[in-house]
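This report describes the fold of a protein model. It begins with strand pairing and then turns to the backbone and the overall dimensions.

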Amino acid sequence: MKAAIMGYGTIGSGVAEVLRVNRDVIAKRVGEPIDVKYILDLREFPGDPEAGKLVNDVNVIVNDPEVKLVVETMGGVHPAYEFVRANLEAGKSVTTSNKALVADMGAELIKVARENQVNFMFEASVGGGIPIIRILQTCLTGDVVEEITGIVNGTTNYMMTEMTENGSDFDDVLKDAQSKGFAEKDPTADIEGYDASRKIAILTSIVAGQTVDYQDIPTEGITHIDSQDIRYASKMGRKIKLLARMVKTGDTYCCRVAPYLLPSEHPLYPVDGVFNAVFVKGNMLGDSMYYGSGAGKLPTASAVVGDVVAMAKHEKRHIFVDWKDEKLELSDPSEQTNRYFVRANKVHIFPDAKIIPAGVDNETGFVTSLLSEKEMKEKTELLGKVFKIIRFA
């Protein structure tokens with residue numbers, strides 16, 4: 001069976017490597033070998049084992065009836081969307097690791113795949129090597145998913161781990177992450193939480209069967225977290241993690257991306273470094289968690305190839321995915337309730353607050369009782385100068 005890869009960067013080259021190194025194992029599981037016939041890229045790769053397969057015109061792939069499987073690892077929404085759609089309409093199944101494409105165009109591309117009796121798959125778009133999407137679409141289809149809480153961004157998790165364990169400052173940790181390839185030259189999408197927001201939007205869309213617009217999700221990154229916050233967290237026996245959360249609320253869901261203070265008994269507490277994990281609560285299964293490498297060339301490529309194998313096994317059968325283009329209205333985030341850790345120079349508005357002594361001059365750190373987001377906003381406006389607010393998980 002012939003495949004094509006669109007985009008020969010880190011993930012695309014990893015997909016080619018997995019298909020090449022594990023060719024015999026994959027052949028046994030599919031029933032025939034899967035060979036890469038084309039690689040779409042505008043760059044040259046002299047000396048690369050796949051260099052002879054390079055093409056720079058997507059129509060070469062679209063118009064070749066031998067190619068049944070296509071991998072998209074280009075990144076971005078355009079022209080990835082146009083290229084993926086053209087291949088689906090040509091009767092080819094497509095898998096992608098592109099979270100921006102899936103978050104923006106997932107429902108539409110699933111519909112196009114259904115109309116052409118092929119498949120559009122996107123396992124690697126959320127958890128890197130963690131098979132969380134397949135879990136939701138197969139293993140948990142008999143459950144009502146009540147909560148998803150995930151550490152789904154390796155860059156920010158690495159940074160928070162370094163700040164916690166080594167007392168490093170934010171700017172120094174960011175430079176370190178960039179030097180090690182864990183953070184992009186422009187890290188905005190990671191450190192401001194936009195990457196995690198897209199990922200929880202995808203997971204919620206799958207669970208809800210409707211499109212969740214990531215721009216509707218309240219999103220807060222880690223740029224304001226400092227060493228003083230880490231000191232307070234340590235005093236409370238907690239860790240600060242950037243979490244992407246979805247909680248079922250009546251007939252809809254409440255979503256948020258923000259730093260949270262995790263207690264030591266929480267399953268996500270020990271997830272450190274560049275690792276990712278997703279905690280899922282089902283009404284029948286109860287609690288479960290899925291842990292692994294959330295990024296990296298071969299872990300992500302492994303998830304992509306898992307989709308390639310699934311598409312090869314279902315070459316002539318569309319796998320139903322319940323994700324409609326109809327937009328889901330999320331619940332009012334101001335009604336969501338939390339306890340909050342606050343750093344301020346006054347406490348009088350919170351008479352039942354628990355003071356956290358951490359030896360920080362000219363301020364008081366305290367934990368509130370359970371309050372709605374709306375109530376918390378009203379109280380802090382009356383409080384005056386507030387240095388920091390971090391939610392409890």
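I148 stands opposite M246 of strand β8. The two strands concerned, β7 and β8, pair in the antiparallel sense over four bridges; two strands count as paired if DSSP finds at least two bridges between them. Helices (H or I, at least four residues) and strands (E, at least two) are DSSP runs, numbered from the N terminus. The model is a predicted one, in which local features need pLDDT of at least 70, side-chain atom pairs count only at pLDDT 80 or more, and totals for chains, interfaces and linings use all residues. Residues are numbered from 1 along each chain as its sequence is written, and side-chain values use heavy atoms, with hydrogens and water left out.

Strand β7 also pairs with β10 (residues 275-282), antiparallel, through six bridges, and in this pairing E147 faces K281. Six of the seven residues of β7 (residues 145-151) are buried, where buried means under 20% relative accessible area, exposed over 50%, and partly exposed in between (1.4 Å probe, protein chains only).

These strands belong to an open sheet of nine strands with mixed pairing, in the order β11-β10-β7-β8-β9-β17-β13-β15-β14. Because β11 (286-293) and β14 stand at its edges with a single partner strand each, one side of each is left without a neighbour in the sheet. Within this sheet, β8 and β9 run antiparallel and are joined by 12 bridges; R245 has R256 in β9 as its bridge partner.

A further open sheet contains six strands in parallel pairing, ordered β3-β2-β1-β4-β5-β6. Here the edges are β3 (54-55) and β6 (120-121), each with a single partner strand, so one side of each lacks a neighbour in the sheet. A4 has Y38 in β2 as its bridge partner.

| Strand pair | Sense | Bridges |
|---|---|---|
| β1 (residues 2-6) and β2 (residues 35-40) | parallel | five |
| β7 and β8 | antiparallel | four |
| β7 and β10 (residues 275-282) | antiparallel | six |
| β8 (residues 238-249) and β9 (residues 252-263) | antiparallel | 12 |

Most residues other than glycine have a negative phi, and most peptide bonds are trans. Q117, in the loop between α5 (99-115) and β6, has a positive phi near 55° and is partly exposed, with a relative accessible area of 45%. N362, in the loop between β14 (354-355) and β15 (364-367), has a positive phi of about 65° and is exposed at 72% relative accessible area. H78 and P79 are joined by a cis peptide bond with omega about 10°; P79 is found in the loop between β4 (67-72) and α4 (80-89).

Which overall figures describe the protein? Its secondary structure comes to 14 helices and 17 strands, and 54% of its 393 residues count as buried. The C-alpha trace spans about 70 × 45 × 35 Å along its principal axes.
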